Amino acid sequence: MAETFAFNIVEKLIGKLATVAYQEISLAWGVQTDFQRLNDILTIVKDVLLDAEENQAKNNQLRNWSTLEDRIKWDELKQLLVQGAKGSKIVVTTRSNRVAEIMGTISTHNLRGLPEKESLCLFLQFASKKGEINQYRNLVKIAKEIVRKCNGVPLVLKTLGSLLLSKTSEDDWEFVRDSEMWKLVQEEKSIFPILKLSYDQLPPYLKPCFAYLSVFPKDYEFDCMELTHFWMAHDLLHSSNENEDAEDIAKRYLNDPSSRSIFQDFEQNIFFQSFKMHDLLHDLALLVAKNECSTVTCFKQIIGPGIRHLCLDNFDFLEEQSSGFLDVDKICHLRTFCLKNMKEGSNSESFIQKCLSRFQNLRVLDLEGSSFEVLPKKVGSLKHLRYLDLHGNSKIKKLPNFMCKLPCLQALYLGCEGIEELPKNMRYMINLRVLVISTKQRSLSKNGLENLKSLRHLMIANCKNLEYLFDGIQNLRSLHVLIINGCKNLISLPQDFEALIALKVLVILECEKLHLNMTLGSEGRGKEDDSQDYHIGSRLRLQELAVGGVPKLEVLLQWLLVESANTLRFLALAECENLTKFPERQNLTSLERLWIKNCPNLSSLPERMQCLKELEIERCPILSERYKPENGEDWAKIFHASRIRIDGNEITSNK
């Protein structure tokens, strides 16, 4: 694990040194020789780490980082590190005492476990909702006995606490306390049995979902939307309700109390949820995947027979090394093929062409960061493909029409800012559920997007020339999420936008020319209506709304809120310097979270927000004054919220 972490750091350093900017700086400052020497040493370290990765691939047991224990190599690297500015410090973390002895210039600091009191606090924080545990004194007593066995290890405390979340039966808690796993922990001096217990307690439907995460690199940040459609592509989402959307099933899986013992470090952005996995949990996922999943970092690594899901991470695509890697007998049955963290300038085109000629049963193809200018024709023959990601390919200019004939495609990520034109036959992509696009087009009216009636999630991002969307948007009767971001020349939303009856989430960010009180057709014919009577029949019932970087917005328009007053749970407004007020007599009776940032002229909030739990106001001087704690003019209207933050200060109300 230390090898992988260090390898990633070295790769990034070498990448930086290879950039034109760094080369120019080295010439200007006369340190070109030093830069070259550093690059040479880092390359040596990288080769050492690759050897360590190869050795680890042959044996899954954890090893000491023996190859870096060569003191000569370490001394060479250290001489460069000590040249830093006065006061700079480098902290090295390792599980190997030998590594600590060699690399340390001061005495090793051995991290101890948390004290018992703090351990109990952390355990109960994950084992129960706030305050609930006080109703079950017997459980607290059992918790103390469990905590004593955890030796203050935070990962163990969080894992076991999450495992018991929402369980109030003493039998469940005693099962953990008295489990045979504690003997294994003592014998093996490892916390792995505890992690395995958390996996064993997962519901059957979550176990394969967890195992499939092992195909991604360690320390990977999972985007919940991306993961939803990855699971969907492999038929891992099941429900007794045949009408339940797969996206809702995935959300339920991720929010399942038992899943919190496995999926950790959850983060909630405005509308995106993400999480990471601890390295040891990743090792557990590899173990339970039983050789079906593999992440490799060099062609030397051995891939066992039966592999179904393969990720290439941080690869150098050298032609002479790849021939033996593409063993048809071993990998012809692949279902997943991913590229992650491809180095800038890496020439992967020839290798990918060979792969696609062999992988005919792919369901997931992730070519993130690849370098080809034309999408390989072999993609058009992948009849089982459900998930295609071309994000980050800066060279591709145009997409061929054959990709519109992929019969099973459900998720398409085209976050490629160099694309000049989208395919014209996208109307045939009738099974598409998520679409992310960037393009240099002025209008999307000729691509057939209005015919994608299965579409649930549409993101239009960084389309700097885009002025109009497309007519017929009301036909997207299954659309749940619409995100428009970085479309600086977008003039208006399309006509009949307010008829999107299934829309739950609307995000509009960084659209400098957008008039929200005007609707236009694709040819610029439309209507501006300051009175908003045109939208009086709006059927939008939004649950989440964010508007930011829209300077032409002066009044938050009633047509956005008229039918959403009883459904909207989250509202975010930011960087709208001309916004002055909400619609008159507008109540938001279901609103739970309200974020307002840098709206200096906004003078008041809605009158009734009785469900408000979280309020954040930043750089809004009029609001900050009106809602000042205790003596603000309108403090009484918001003091019931459980979390209030004004200009960076957490406010505690005396309710």
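Reader: How many cavities of 30 Å³ or more does the structure hold?

Author: One, and please keep in mind that this is a predicted model. The structure holds one cavity of 30 Å³ or more, and about 30 Å³ of space lies in the largest cavity.

Reader: What makes this space a cavity rather than a pocket?

Author: The test is whether a 1.4 Å probe fits but cannot get out; a pocket, by contrast, is an open set of points. The residues lining the largest cavity are Phe216, Glu226, Phe230, Cys338, Val364, Asp366 and Tyr387. Helix H13 (224-233) and strand E7 (364-366) are the elements that give two or more residues to this lining.

Reader: Which classes do the lining residues of the largest cavity fall into, nonpolar, polar or charged?

Author: The lining divides into five nonpolar, no polar and two charged residues. Asp and Glu count as charged, while Phe, Cys, Val and Tyr count as nonpolar, so Glu226 and Asp366 of the lining belong to the charged class.

Reader: Why do you say that the largest cavity lies between domain 3 and domain 4?

Author: Because both domain 3 (205-234 + 247-283) and domain 4 (363-515) give residues to its lining, the largest cavity lies between them.

Reader: Let's go to the sheet with E1, E2 and E3. What makes E1 and E2 edge strands?

Author: Strand E1 (222-223) and strand E2 (264-268) each pair on one side only. The sheet is open, with three strands in the order E1-E3-E2 and antiparallel pairing.

Reader: How do you know that E1 and E3 pair?

Author: Pairing needs at least two bridges. E1 and strand E3 (residues 273-276) have two bridges, in the antiparallel sense, so the pair meets the cut-off. As an example, Phe222 has Phe275 in E3 as its bridge partner.

Reader: Which strands pair with E17, and in what sense?

Author: Strand E14 (residues 505-509) and E17 pair in the parallel sense over five bridges. E17 and E18 also pair in the parallel sense over five bridges.

Reader: What makes E17 mostly covered?

Author: Five of the five residues of strand E17 (residues 544-548) are buried. Glu544, Ala546 and Gly548 point one way, Leu545 and Val547 point the other way, and all are buried.

Reader: Why is E19 called largely enclosed?

Author: Four of the five residues of E19 are buried, so the rest of the structure largely encloses this strand. E18 and E19 run parallel, joined by five bridges, and Leu573 has Ile596 in E19 as its bridge partner. E19 and strand E20 (residues 614-618) likewise pair in the parallel sense over five bridges, with Glu614 in E20 as the bridge partner of Arg593.

Reader: How do you know that the buried residues of H7 are on the same side?

Author: The buried residues of helix H7 (residues 137-149) are Leu139, Val140, Ile142, Ala143, Ile146 and Val147. Their arc around the axis is only 165 degrees, which puts them on the same side of H7. The face turned away from that buried side carries the exposed residues Arg137 and Lys141.

Reader: Which residues of H18 are buried, and why do they line one face?

Author: Phe351, Ile352, Cys355 and Leu356 are the buried residues of helix H18 (residues 349-358). Seen down the axis, they fall within an arc of 130 degrees, so they line one face of H18.

Technical notes: Residues are numbered from 1 along each chain as its sequence is written. This is a predicted model: local features need pLDDT of at least 70, side-chain atom pairs count only at pLDDT 80 or more; totals for chains, interfaces and linings use all residues. Side-chain values use heavy atoms; hydrogens and water are left out. On a 1 Å grid over the protein atoms alone, a cavity is a set of points where a 1.4 Å probe fits but cannot get out, and a pocket is an open set with protein on both sides within 12 Å along at least five of seven lines; lining residues have an atom within 4 Å of a point. Grid points are joined across faces, edges and corners, and a volume is the space filled by probe spheres set on the points. Domain bounds come from an automatic or database domain assignment. Buried means under 20% relative accessible area, exposed over 50%, partly exposed in between (1.4 Å probe, protein chains only). The arc is that of the directions from the helix axis to the C-beta atoms.
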